[in-house]
Amino acid sequence: MSYTDELTITGLGAAYARRQIIADLSLAPMQPGQVISLIGPNAAGKTTLLRSIAGLHPTTGSQLLGTRELTHMALADRARLVTYMPQSLPQKVALTVLEGVIGALRASPIDGDSLSEQQLLETALDVIARVGIPQLAMTALDQLSGGQRQLASLAQALVRSPRVLLLDEPISALDLHYQLRVMKLVNALARERGMMVIMVLHDLAIAARWSDRIVVLAQGQVVADGTPAEAITAEVLAHVYRVVARVEPEETGLRIAIDDILTR
Amino acid sequence: MEPAKIRPLAVVKEDALHTPAPATVPDHRDMAAAYRRTIRRRVLILLVMLVVGIAAFALDISTGPSPLALRDVWSGLFDPGSLTPPEVTIIRDVRLPYALMAILVGVSLSLAGAEMQTILNNPLASPFTLGVSSAASFGAALAIVLGLSLPFVPGDWMVPINAFICAFASVLLLEALARSRAAGVEGVVLFGIALVFTFNALVALIQFVASQEALSQLVFWSMGSLGRATWTNLAVLGLVVLVVLPFSMRAANAMTALRLGEDRARSFGIDVQKLRFASLLRISALAATSVAFVGTIGFIGLVGPHIARMLLGEDHRFLLPASMLTGAVIMSLASVASKIMVPGVLLPVGIVTSMIGVPVFLALILRRPDRA
Ligand SMILES: Nc1ncnc2c1ncn2[C@@H]1O[C@H](COP(=O)(O)OP(=O)(O)OP(=O)(O)O)[C@@H](O)[C@H]1O
Ligand SMILES: [Mg+2]
């Protein structure tokens, strides 16, 4: 099964109380099967944008998935298409990793007919194995380390195998092995199922190596958008992060060196 | 000054590099089997709780000024011919309604507490701690002191009815606050705590101006007692539980998902606002009705769900029924204790629940870290 619907965002606006965080933001159609990384400084509005696409934040403008307008779609219908992994990790909760993942499936129907208990269990175990934490399946969520919790949280999002997967800093707490493992996994899922993955990352080298497209956000505006080599340049980094950087293309991505910070 | 040069320690521990990789990874079948075992264990725990509940109920009936053997309790309920008429009367007309009331109140308050803790994401939430019980006391106090009456309502129903109205109003306030996006969950909890203080002050004020006779009635009411259990009261509370329970169970999966975080639950398609509102309605019906009949009984709504959670975790398909059962067991045992703690005196059960509840609660909290 593969999906063909593009996601097109036009004139998107999002505000907290009276503060406009994102105004009139438009993005060229995002393709199914693509891994798109959203980068940018703290408070740029990355989380706000992701939550807006997830339908968790009131927005203006249009978000078109294929021919369907997401903006005013009921949360329950949207949840069949889009899943969001929050930046904050799950709180103290007396559920095991496996129960959390099964709970994510049981929370609401995903595709028409609901799964049998057996299928629920198999699906959840598959995802846990692919994320690479089978040894934690029966461990309580509140006994995990920070990185383990992040992996459990990722599994809760992946298990719904949505058309559009939104991940807010999914690897920020992970060790080297798991950073790579997660990036390879989402790329594989994008290729296998035509899932569209939009993720927020702070590690530029990883973003450059494992994304099809990079969107650079600063102060609620798109500063650059394109292939990693197009979007991540010394100029962009200087403007967005206020750093002195060298960026050189490499066989597998970009070599990025940050030499200093700009102070004015 | 030049900082002292630090000589690096051995950079790589050679033997550490050669220690074998840790234990093998469990495969699907192991994990599935382990999961099924936990489910079976939970069902078993629920069954054990049910048996303990029935035992506590029987013990409750057998305890009293004239102690009865458990076998007589059985006969009294199912085979009255084999007992003397006074014994049958004691069992059926005096002890049975009390014991049933203990069960129903324990079930209602504990279920209400479990739901409240989940939807407000606060382990300290309960009808007692968030002002619902205090509001009921206030309502009762008003009715007792002012001698309120309504047309077509028998006099002795005024106190519970007024208690219910006030308790319900306090939950509606909490609801309104929960619905307005401004306050947030913490706001609701703080508001509930403010309600406790407000209503307690108002009750104190009423006590201050009350007549001697009204005062003693009021004090007795506010201590919480099963003494006003009648078949009508039991039928009303039983009906409330029966009506509410299916809705609670239908919301169980959504509540489990809510434990994973509000944003996450919403991204699963759960309308959290609606879930909260519906749950608060159920809580108000359960808490207001039970408080109206038995007065303020604290800690059941707090301790019951906590014990259930420790035994069974937070899958609400198990947590909700388990909370009801623990609530029933604690209430029945408290009722037994209220009859035997001071020989010859029937203590108000509310005093006992607090006296037992607080230390038990503290013990549970303190041993929490090594929970499996
Ligand atoms: N709940 C809120 N209420 C008011 N303002 C908020 C709220 N959440 C975020 N903001 C504001 O919105 C802006 C964008 O925040 P957002 O969380 O989207 O940033 P971000 O790009 O995800 O940053 P980070 O990299 O630190 O996660 C910030 O200026 C922040 O102050
Ligand atoms: Mg963020």
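**Close-up views of a predicted two-chain model**

**Figure 1. A salt bridge between Arg246(A) and Asp259(A) in the predicted model.** The closest N and O atoms of Arg246(A) and Asp259(A) are 2.8 Å apart, and the two residues form a salt bridge. The model shown here and in the following views is a predicted one.

**Figure 2. A salt bridge between Arg255(A) and Glu250(A).** The side chains of these two residues, Arg255(A) and Glu250(A), meet at 3.2 Å, N to O. Arg255(A) is partly exposed, its relative accessibility being 47%. For Glu250(A) the value is 35%, and this residue also counts as partly exposed. Over all chains, the structure holds 17 salt bridges.

Figure 3. Arg68(A) is in strand β5 (residues 68–69) of chain A, whereas Asp5(A) is in the segment before β1 (7–16) of chain A, so the pair joins parts that are 63 residues apart in sequence. Both partners are partly exposed: the relative accessible area is 37% for Arg68(A) and 22% for Asp5(A). Through salt bridges that share partners, Asp5(A), Arg68(A) and Arg163(A) are joined into one network.

**Figure 4. Protein donors of the magnesium ion (ligand 2).** The protein donors are OG1 of Thr47(A) and OE1 of Gln87(A), which lie 1.9 to 2.2 Å from the ion. These two residues link distant parts of the chain, 40 residues apart: Thr47(A) is in helix α1 (residues 46–54) of chain A, and Gln87(A) is in the loop between β6 (82–85) and α3 (97–106) of chain A. Thr47(A) is partly exposed, with 23% relative accessibility. Gln87(A) is partly exposed as well, with a relative accessible area of 36%.

**Figure 5. The interface between chain A and chain B.** In this interface, 43 residues of chain A are in contact with 32 residues of chain B. The area buried between chain A and chain B is about 3200 Å², and carbon and sulfur atoms give 56% of this area. Two salt bridges are counted between the chains. Glu99(A) forms a salt bridge with Arg42(B), with the closest N and O atoms 2.5 Å apart. Ten residue pairs are in polar contact between chain A and chain B, both residues being at pLDDT 80 or more. On the side of chain A that touches chain B, two or more residues come from each of α2 (75–78), β6, α3, α4 (117–131) and α5 (146–158) of chain A. Of these elements, α4(A) gives the most, with seven residues. The residues of this side of chain A divide into 24 nonpolar, ten polar and nine charged.

**Figure 6. Ile161(B) in helix α6 of chain B.** Helix α6, which contains Ile161(B), spans residues 158–179 of chain B. Ile161(B) is partly exposed, at 26% relative accessibility. The C-alpha atoms of Ile161(B) and Gln117(B) are separated by 26 Å, and the two residues are 44 residues apart along the chain.

Definitions and conventions: Residues are numbered from 1 along each chain as its sequence is written. Chains are lettered from A and ligands numbered from 1 in the order in which they are written. This is a predicted model: local features need pLDDT of at least 70, side-chain atom pairs count only at pLDDT 80 or more; totals for chains, interfaces and linings use all residues. Side-chain values use heavy atoms; hydrogens and water are left out. Donors are N, O and S atoms within 2.8 Å of the metal (3.2 Å for Na, K and Ca); water is not among the atoms, so sites may look incomplete. Helices (H or I, at least four residues) and strands (E, at least two) are DSSP runs, numbered from the N terminus. Buried means under 20% relative accessible area, exposed over 50%, partly exposed in between (1.4 Å probe, protein chains only). Contact means heavy atoms within 4.5 Å. Buried area is the accessible area (1.4 Å probe) that two parts lose on being put together, summed over both. A salt bridge is a side-chain nitrogen of Lys or Arg within 4 Å of a carboxyl oxygen of Asp or Glu. A polar contact is a pair of N or O atoms within 3.5 Å; within protein, one must be able to donate a hydrogen and the other to accept it, and residues adjacent in sequence count only if both atoms are side-chain atoms. Ala, Val, Leu, Ile, Met, Phe, Trp, Tyr, Cys and Pro count as nonpolar, Asp, Glu, Lys and Arg as charged, and the others, Gly among them, as polar.
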